[in-house]
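Dear colleague,

Please find below the structure that I am handing over to you.

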Amino acid sequence: MKSKAPSILSGDLVLTGSIVSEGEVQLDGTVDGDIRAGSLIIGEEANVNGEVMAETVVIRGRVTGSVHARQVQLASTARIEGDIVHAALSVESGAFFDGHCRHASDPLSEKSGGGAPASAPKAANKSADIPPAPGKSSSSVTSLEPPLASKSSA
């Protein structure tokens, strides 16, 4: 693939919708939607409200939503409110991060929402699909406690 110039979204830009690019994107404006890119730089004044997925992400501004990337760099001016799934993560002193952080060997193939990867096999036990009764555990281990005696008036 030939080297292409980065797509630059200036500070006065407000975009409602998703951005998809295989190349490099430099964002200095506001995006209300998801961003998928090969490489993404979120500038100090930039604001993203949505999911970010890229090979590499440098965050200097604000992201409200999950971040999935092989390499994630949080600059000292970064403000993240959401989960980060990464293969490599670096955080500068002063960066604000409110969420969960999880290492994954292939963070781009996993769905947001946490848990197991989308390709995880379902349990073979059909009873696992039936929700437990209120107040009961979904575990198949039998309780060792005796049943409670019902109250009777005598």
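**Salt bridges in the predicted model**

D34 is partly exposed, because its relative accessible area is 27%, a value that falls between the 20% limit for buried and the 50% limit for exposed. Please note that this is a predicted model.

The structure contains six salt bridges, and D34 takes part in one of them: its side chain meets that of R36, at 4.0 Å from N to O. R36 likewise counts as partly exposed, with a relative accessibility of 30%.

R36 also forms a salt bridge with E51, where the N to O distance is 3.0 Å. This pair links distant parts of the chain, since R36 belongs to strand β6 (residues 35-42) while E51 sits in the loop between β7 (47-49) and β8 (52-59), 15 residues apart. E51 counts as buried, because its relative accessibility is 13% and the term applies under 20%. Taken together, D34, R36 and E51 are linked in a network of salt bridges.

A further salt bridge joins the side chains of R62 and E81, at 3.3 Å from N to O.

With kind regards

Key: Residues numbered from 1 in each chain as written. Predicted model: local features only at pLDDT ≥ 70, side-chain atom pairs only at ≥ 80, totals over all residues. Heavy atoms only, no water. Buried < 20%, exposed > 50% of the residue type's maximum accessible area, 1.4 Å probe, protein only. Helix = DSSP H or I, 4+ residues; strand = E, 2+ residues; numbered from the N terminus.
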